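Subject: Structure handover

Hi,

Here is the structure I said I would pass on, with the sequence alongside. Have a look at it first, and then read my notes below.

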Amino acid sequence: MARVTFIQSDGRQQTIEIENGYSVMQGATANQIAGIKAECGGSCSCSTCHCYVDPTWYDRLPWAEDDEAGLLEYAWEPKRTSRLTCQLIVTDELDGLVLYVPEQQV
Ligand code: FES
């Protein structure tokens with residue numbers, strides 16, 4: 001289980017708990033986190049689950065696979081710390097993860 005904090009562009013924060021084995025996107029949508037649309041349902045084909053990872057966390061996450069990295073180019077205003085939350089699978093090691101929700105999705 002991991003506690004994951006989502007910070008909106010207006011500064012609002014929400015911390016949720018997600019069980020191991022679920023994606024961060026699944027946890028976000030189950031908890032109605034604003035701004036995580038996840039239109040493709042987690043099949044890595046829409047980029048609407050995009051978040052910016054807190055810089056202190058970015059290098060601690062598993063690297064993005066090629067399909068995620070390619071799709072991130074089409075996300076709204078991607079940055080070096082961008083990830084697709086449907087591709088982040090929760091483990092105990094993600095406890096405390098902080099994500100910034102983009103101002104909008106594509
Ligand atoms: S939910 Fe569509 S790419 Fe993540």
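Let's begin with β5, which has two faces: Leu97 and Leu99 sit on the covered one, while Val98 and Tyr100 are on the uncovered one. One thing to keep in mind as you read is that this is a predicted model.

Setting aside residues up to four places away in sequence, Leu99 touches Val4, Phe6, Cys51, Tyr52, Val53, Asp54 and Thr85. Leu99 also belongs to the largest nonpolar core, which has 22 residues. Together with Val4, Val24, Met25 and Ile36, Leu99 is among the members that touch the most others there. As for where this core comes from, β1 (2-7), α1 (24-30), β3 (50-53) and β5 (97-100) each give at least two residues to it.

Now for the strands on either side of β5. β1 runs parallel to β5, and four bridges join the two. If you want a spot to check by eye, Thr5 is opposite Val98 in β5. With β3, the pairing of β5 is antiparallel and covers two bridges. Here you can look for Val53, which stands opposite Leu99.

Which order do the five strands take in the sheet? It goes β2-β1-β5-β3-β4, as an open sheet with mixed pairing. β2 (13-18) and β4 (82-84) are the edge strands, and each has a single partner strand, so one side of each is left without a neighbour in the sheet. On average, neighbouring strands of this sheet are turned by 35° against each other, direction ignored.

Ala2 is opposite Ile18 in β2, and Phe6 has Gln14 in β2 as its bridge partner. Together β1 and β2 make a hairpin with five residues between them. In its turn you will find Gly11, with a positive phi of about 95°.

Stepping back, here is the whole protein. There are three helices and five strands, and from the N terminus on the elements run β-β-α-β-α-α-β-β. How does the radius of gyration fit with a compact globule? For 106 residues a compact globule would have a value near 13 Å, and the protein has 12 Å, which agrees. Along the principal axes, the C-alpha atoms fill a box of roughly 30 × 30 × 25 Å. Buried residues account for 32% of the 106. If you take the contacts between residues at least 6 apart in sequence, 67% of them join residues at least 24 apart.

Asp54 is in the loop between β3 and α2 (55-58). Leaving out neighbours within four places in sequence, Asp54 is in contact with Val98 and Leu99. Asp54 and Leu97 are 43 residues apart in sequence, yet 7.8 Å apart in space from C-alpha to C-alpha. Is Asp54 buried, exposed or partly exposed? It is partly exposed, because 16 other C-beta atoms lie within 10 Å.

Most residues other than glycine have a negative phi. Ala38 has a positive phi of about 55°, although it is not a glycine. Cys44 is not a glycine either, and its phi is a positive value near 60°. You can find Ala38 in the loop between α1 and β3, and Cys44 is in the loop between α1 and β3 as well.

Cheers

Note on methods:
Residues are numbered from 1 along each chain as its sequence is written. This is a predicted model: local features need pLDDT of at least 70, side-chain atom pairs count only at pLDDT 80 or more; totals for chains, interfaces and linings use all residues. A nonpolar core is a set of buried Ala, Val, Leu, Ile, Met, Phe, Trp, Tyr and Cys residues joined through C-beta atoms within 7 Å. A residue is buried if 20 or more other C-beta atoms lie within 10 Å of its own, exposed if 12 or fewer, and partly exposed in between; C-beta atoms are placed from the backbone. Two residues are in contact if their C-beta atoms, placed from the backbone, lie within 7 Å. Two strands pair if DSSP finds at least two bridges between them. Axes are lines fitted to C-alpha atoms, for helices over the stretch in contact, and angles run from 0 to 180 degrees between N-to-C directions. The radius of gyration is taken over C-alpha atoms; the globule rule is 2.2 Å times the number of residues to the power 0.38.
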